[in-house]
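Subject: Structure handover and notes

Dear colleague,

I am passing on the structure we discussed, and my notes on it follow directly below. Please read them alongside the coordinates.

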Amino acid sequence: MGAGGKAAKARRAARVSLWVARASTTVLLWTCVVLLAAAFGERLAPSVLGGVWPGCLTQTLVIVQRPLLLPADERVAVHTAISTTAAANANAVALPPKRIYKNNGYLMVSCNGGLNQMRAAICDMVTVARYLNVTLIVPELDKTSFWADPSEFQDIFDVDYFIASLRDEVRILKELPPRLKKRVEMGYLRSMPPVSWSDISYYQNQILPIIKKYKVLHLNKTDARLANNDLPMEIQKLRCRVNFAALRFTPEIEELGRRVVRILRRNGPFVVLHLRYEMDMLAFSGCTHGCSHEEAEELTRMRYAYPWWKEKVIDSNAKRKEGLCPLTPEEIAMVLKALDIDPSYQIYIAAGEIYGGQRRMAALTSAYPNVVRKETLLPSGLRFFQNHSSQMAALDYMVSLESDVFIPTYDGNMAKVVEGHRRYLGFKKTVLLDRKLIVELVDQYKNGTLSWTDFSSSVKASHTSRMGAPSRRQVIPDKPKEEDYFYANPYECLHQPDELSVL
């Protein structure tokens with residue numbers, strides 16, 4: 001080859017090298033642009049008060065069904081494998097991108113009350129943490145209440161899923177970073193109860209400055225600390241998202257709940273009766289109708305034994321006539337018959353031990369022979385849950401959601417939260433009893449001034465509009481305890497009929 005040919009070949013090689021260098025540089029630059037766009041996209045993620053974000057009706061997670069666990073009597077052998085199962089599940093979930101924000105500090109919360117009071121509080125505290133741009137530490141559950149349940153958050157809820165599913169809204173950690181944790185262990189911790197029924201501005205103006213000052217704030221009361229109404233739509237939807245999507249029970253609880261439902265379904269329709277005729281409820285409320293003199297004395301002694309139950313002197317008869325007492329097993333048996341509940345239906349009792357035992361349950365079991373409880377359906381499957389009232393309540397919660405009809409006999413937290421969850425699942429039938437009217441009708445029937453036909457007709461007529469159908473919450477300005485509870489009817493998150501959506 002001549003000198004001219006060699007020169008041309010060298011020029012071509014140089015041009016190829018230059019083209020390769022330019023192409024590589026272009027690819028590198030575009031890669032940087034994409035990474036920066038992703039980073040700034042997270043940093044500029046829509047705020048909770050503006051823009052569109054995944055609400056309670058649109059989930060971004062792709063959930064893979066959990067593998068079924070072994071039977072409960074084999075749980076000891078697989079107990080150590082639970083964390084491995086959780087890790088495998090986490091890998092099967094398409095996680096939302098993390099929301100990037102300047103962290104204003106750390107929020108610790110101690111929930112108080114029973115399972116469902118704590119459940120609602122967790123939803124509220126996640127929402128508060130999101131709005132204040134702080135990091136939430138996994139909530140501590142109540143271990144000092146009447147039930148004395150030692151369960152931790154991770155014993156009831158799937159903690160890894162809880163953290164991961166909300167990462168596009170708020171950063172949640174299982175514990176404080178080491179330096180701050182050490183300070184807290186040394187006693188350097190600001191602790192306080194937030195004001196009940198507060199709106200978001202209270203947390204912005206009163207709580208956030210304290211967090212910024214001390215870096216860590218502990219809220220030691222969480223029940224009903226966020227208002228029912230007059231909150232931005234995005235706030236309400238985040239409360240729903242936590243409640244209906246992020247708070248998933250542990251694999252053990254979910255599998256046992258599914259087993260109970262399968263057993264019930266094999267035997268036909270079933271009604272869940274949330275029969276709050278338990279010793280603690282009767283002592284707290286002062287309701288002793290139908291109790292013996294000795295039982296009434298026992299309940300009174302119990303009420304005085306708990307200093308945080310503030311009301312001590314209670315007129316049981318007056319309270320009952322106002323509809324402020326749980327219905328008795330005898331009264332609820334009459335109501336079920338009046339509503340034409342088929343006697344062959346299974347009646348699942350979602351409650352603890354009924355006060356008075358079989359003596360008080362006789363009228364109900366006589367009218368409805370198929371009265372069952374989780375303890376009778378899974379006689380050997382619940383031994384690991386004994387003395388863990390919140391875990392037992394979680395099982396009742398799952399069964400209550402799946403029932404054909406749910407009937408609470410008192411307006412407790414479980415009754416309200418289950419009512420709202422059943423609305424979310426498609427307005428499943430929930431009979432909301434008018435206790436004041438019912439006890440009046442019962443007394444009239446028993447003293448002979450009302451026939452059974454009229455009793456039954458009156459019960460039916462008064463409850464046609466109390467079956468959990470779509471409705472708006474009743475708002476009572478300056479009286480949040482008397483108005484409808486957000487979690488009983490979170491209509492902001494529900495698919496409402498046209499006539500309600502335009503109101």
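The disulfide between Cys287 and Cys325 is left-handed, because the torsion about its S-S bond is about -85 degrees. Here Cys287 lies in the loop between helix H11 (279-285) and helix H12 (293-305), and Cys325 in the loop between helix H13 (316-321) and helix H14 (329-338), so the pair ties together parts that are 38 residues apart in sequence. Their sulfur atoms are 2.0 Å apart, where a disulfide is taken as a pair of cysteine sulfur atoms within 2.5 Å. Cys287 is buried, with a relative accessible area of 4%, and Cys325 also counts as buried, at 7% relative accessibility; buried means under 20% relative accessible area, exposed over 50%, and partly exposed in between, with a 1.4 Å probe and protein chains only.

Before going further, please keep in mind that this is a predicted model, in which local features need pLDDT of at least 70 and side-chain atom pairs count only at pLDDT 80 or more, whereas totals for chains, interfaces and linings use all residues. Residues are numbered from 1 along each chain as its sequence is written, and side-chain values use heavy atoms, with hydrogens and water left out.

By the sulfur distance rule, the count comes to 2 disulfides. The other pair is Cys240 and Cys493, again with sulfur atoms 2.0 Å apart, and the torsion about this S-S bond is about 85 degrees, so the disulfide is right-handed. Cys240 lies in helix H9 (residues 233-246) and Cys493 in the loop between helix H20 (452-463) and helix H21 (498-501), so this bond ties together parts that are 253 residues apart in sequence. Both partners count as buried, Cys240 at 1% relative accessibility and Cys493 at 0%. With the bonded cysteines numbered in sequence order, the pairing is 1-4, 2-3.

Cys111 is buried, with a relative accessible area of 4%, and so is Cys123, at 0%.

Turning to the chain as a whole, there are 21 helices and 9 strands, taken as DSSP runs numbered from the N terminus (helices H or I, at least four residues; strands E, at least two). Buried residues make up 48% of the 503 residues. Of the contacts (heavy atoms within 4.5 Å) between residues at least 6 apart in sequence, 78% join residues at least 24 apart.

Leaving aside its neighbours within four places in sequence, Phe162 is in contact with Ile122, Val126, Pro139, Phe153, Ile172, Val242, Ala246 and Leu247.

Best regards
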